[in-house]
Amino acid sequence: MKLSFRWYGEDDPVKLEYIRQIPTMDSIVTAIYDVPVGQVWTKEAVAALKARVEGAGLAFEVIESVPVHEDIKLGKKTRDVYIENYKENIRNLGEAGVKVICYNFMPVFDWTRSQLDKVLDDGSTALVYYKDQVDQMDPLKGELSLPGWDSSYTKEDLESLFDDYSKLDKEDLWDNLEYFLKEIIPVAEEYDVKMAIHPDDPPWPIFGLPRIITDEASLDRFLKLVDSKYNGLTFCTGSLGSGSFNDIPSMIGRYAAQGRIHFMHVRNVKLLGEGSFEEAAHVSSYGSLDIVAIMKALHDNGFDGYLRPDHGRMIWGETGRPGYGLYDRALGATYIAGIWETLEKINK
Ligand code: DNO
């Protein structure tokens, strides 16, 4: 297990030098953020990012994310241009030593929450998803903006995307995903870069848009679309674990044994029933997930990929990017490292 931490570049209030000080920290998970979705990242920009991360004493081996252009998800004629650009990114990143690329196939919106700063009993704040509130949100009206969303869309762009998606059902989305994978996985194989899809967060359709990477059956189907270890998973415990229908430790055990998990996002969520949840401290008793069982499933099945603590709460007065402060994620990292050390020792 290689412990990693997400860093948003020089604009991130969390400094690389601070991340380095988290015990057993191995690598940085990052991306190039100022290139529009679908375009090629220049080799120079990738080299500069690599030099910066390695200069801070951390490895540069995981990219989260190289985003997938909507035309690819929609299966538009223009997709081939964007797929060629995607392949070029895989080649350039592979040549720079990147081992894993995380991406997702969620239409329009990445992760979605109803509130980013819900005050918990202990005075910390967390990201929450209250179904009744999300059901009342209309992304086409008002100034809704959430951290997982691409803020470059205008209202007109969004209307046209919603219109395009209204003509697409889940099976069409699967077809478009398969087309994409059949194009890119051979390049990933050649350049030794493991592709790792991130599941849908939350794992059900929102705003009437289809979502397909949601549960064990869909992950099985996904892995068979191209049966190569280069077609693998970012297993996000919080995303999949928001659905009570997912048995997280058992799924992790299976996919880790198959060598198909390349990247883990470890986060705890407290399920409130009926599709609502609150993000919680990593420690098992604070949420609905058994983090020890999750780590044991990884350990017992030979997981040797990258793992990062996922969203944290805001604690100790920290402000910054919702979910991505330093303190609570560092506590999560240390808790995870402690479980891992225990598993290594008791299994000797
Ligand atoms: C949320 C993240 C996601 C993830 C993308 C991967 O905090 O885990 O935004 O980066 O879905 O493409």
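Strands here are DSSP runs of E with at least two residues, helices are runs of H or I with at least four, and both are numbered from the N terminus. Within this pair, valine 29 stands opposite valine 62 of β3.

The model is predicted: local features need pLDDT of at least 70, side-chain atom pairs count only at pLDDT 80 or more, and totals for chains, interfaces and linings use all residues. Residues are numbered from 1 along each chain as its sequence is written.

Now display helix α4 (residues 79-95) beside helix α7 (residues 170-190): they pack at an angle of about 25°, with their axes 9 Å apart. The two are therefore roughly parallel to each other, a term for angles under 35 degrees. Ile83, Tyr86, Lys87, Ile90 and Arg91 of α4 meet Phe180, Glu183, Ile184, Val187 and Ala188 of α7; contact requires C-beta atoms, placed from the backbone, within 7 Å. Seven residues of this contact are nonpolar, none polar and three charged. Here Ala, Val, Leu, Ile, Met, Phe, Trp, Tyr, Cys and Pro count as nonpolar, Asp, Glu, Lys and Arg as charged, and the others, Gly among them, as polar.

Move to the ligand. Among the residues around it are Glu64, Cys102, Tyr103, Asn104, Trp111, His198, His265 and His311, where a residue is near if its C-beta atom, placed from the backbone, lies within 6 Å. Strand β4 (residues 100-104) gives the most to this shell, with three residues. By class, the shell has three nonpolar, seven polar and two charged residues.

Finally, select the open sheet of four strands, ordered β5-β6-β11-β10 with antiparallel pairing. β5 (115-119) and β10 (268-273) stand at its edges with a single partner strand each, so one side of each is left without a neighbour in the sheet. Five bridges join β10 to β11 (residues 276-280); the bridge partner of asparagine 268 is alanine 280 in β11.

Methods:
Two strands pair if DSSP finds at least two bridges between them. Axes are lines fitted to C-alpha atoms, for helices over the stretch in contact, and angles run from 0 to 180 degrees between N-to-C directions. Angles under 35 degrees count as roughly parallel, over 145 as roughly antiparallel, 65 to 115 as roughly perpendicular and the rest as oblique. Two residues are in contact if their C-beta atoms, placed from the backbone, lie within 7 Å.
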